[in-house]
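Hi,

Here is the structure I promised to pass on. Have a look at it first, and my notes follow below.

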Amino acid sequence: MSQTPASQPRTVAVVDRGKLDIKALVLLAILLAAGFILNFTVGKSIYTLTGGAIGPEFIISAFCLTILAIRPTVPQALVIGLISAAVIQLTTSAPGVDFVAEGVAAMVMTVLVDAGMRTPAAKAVPLVATFITTVLSGVIFMVIKLAIMGFSPEIVSVLPAAMLPVVFATAAFNAVLVAALYLPIRRALKLAD
């Protein structure tokens, strides 16, 4: 008579995503600190070189990485965007504007991640979604700044030409940074897609 192994209870490993819990907030805080350092060094250097006209925001890469890692709901992404905007207030050239720009951008990032990670192009999502999110944030920021300045012809003829190259350069930087860091962060946090 042969013996069969004793029955073991089956367990299923579940990735706990979509929660804005302590672990997610600690991740956001660490990534925001790194983004803040980039803002305070590289961003401030560009701000100074352009006479205060342009200040790129690298904190966007921090909230993009957080959204990729925890996969929040859209309302939770808004909270992440607003927290990020609060940090940006320490280095921004236009106080208050980032609350709209980062809030909307974080929600769009969440939608892009949710849709993109279910496709064969999932590996490109960190790069593409971060690029789109950063450009969107920068364009929203620029349009609000133009509105605050009354869309005066002098400003409209100068500000977009000055800001858009920085927006796209920051978007490219953020996209490469997030794409490079996403896999190590995913592995460190033991996340599955």
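Ten residues line the second largest pocket, and A122, K123, Y182, L183 and R186 are the ones that lie nearest its centre. A pocket here, on a 1 Å grid over the protein atoms alone, is an open set of points where a 1.4 Å probe fits, with protein on both sides within 12 Å along at least five of seven lines; lining residues have an atom within 4 Å of a point. Helices are DSSP runs (H or I, at least four residues), numbered from the N terminus. By class, the lining has seven nonpolar, no polar and three charged residues; Ala, Val, Leu, Ile, Met, Phe, Trp, Tyr, Cys and Pro count as nonpolar, Asp, Glu, Lys and Arg as charged, and the others, Gly among them, as polar.

Before you read on: this is a predicted model, where local features need pLDDT of at least 70 and side-chain atom pairs count only at pLDDT 80 or more, while totals for chains, interfaces and linings use all residues. Residues are numbered from 1 along each chain as its sequence is written, and side-chain values use heavy atoms, with hydrogens and water left out.

Now the helix pairs. The axes of α5 and α6 come within 8 Å and cross at roughly 155° (axes are lines fitted to C-alpha atoms, for helices over the stretch in contact, and angles run from 0 to 180 degrees between N-to-C directions). α5 and α6 are therefore roughly antiparallel, a label for angles over 145 degrees. Their contact has 23 nonpolar, five polar and one charged residues, with contact meaning heavy atoms within 4.5 Å.

What about helix α1 (residues 22-49) and helix α2 (residues 59-70)? Their axes come within 7 Å and cross at roughly 160°, so this pair is roughly antiparallel too. On the α1 side, A24, L27, L28, L31, L32, G35, F36 and N39 take part, and they meet I59, A62, F63, L65, T66, A69 and I70 in α2. That contact has twelve nonpolar, three polar and no charged residues.

α2 also packs against helix α4 (residues 97-116), with axes that come within 10 Å and cross at roughly 35°. Here I60, F63, C64, I67 and L68 in α2 meet E102, A105, A106, M109, T110 and V113 in α4.

Cheers

Note on methods: Helices (H or I, at least four residues) and strands (E, at least two) are DSSP runs, numbered from the N terminus. Angles under 35 degrees count as roughly parallel, over 145 as roughly antiparallel, 65 to 115 as roughly perpendicular and the rest as oblique.
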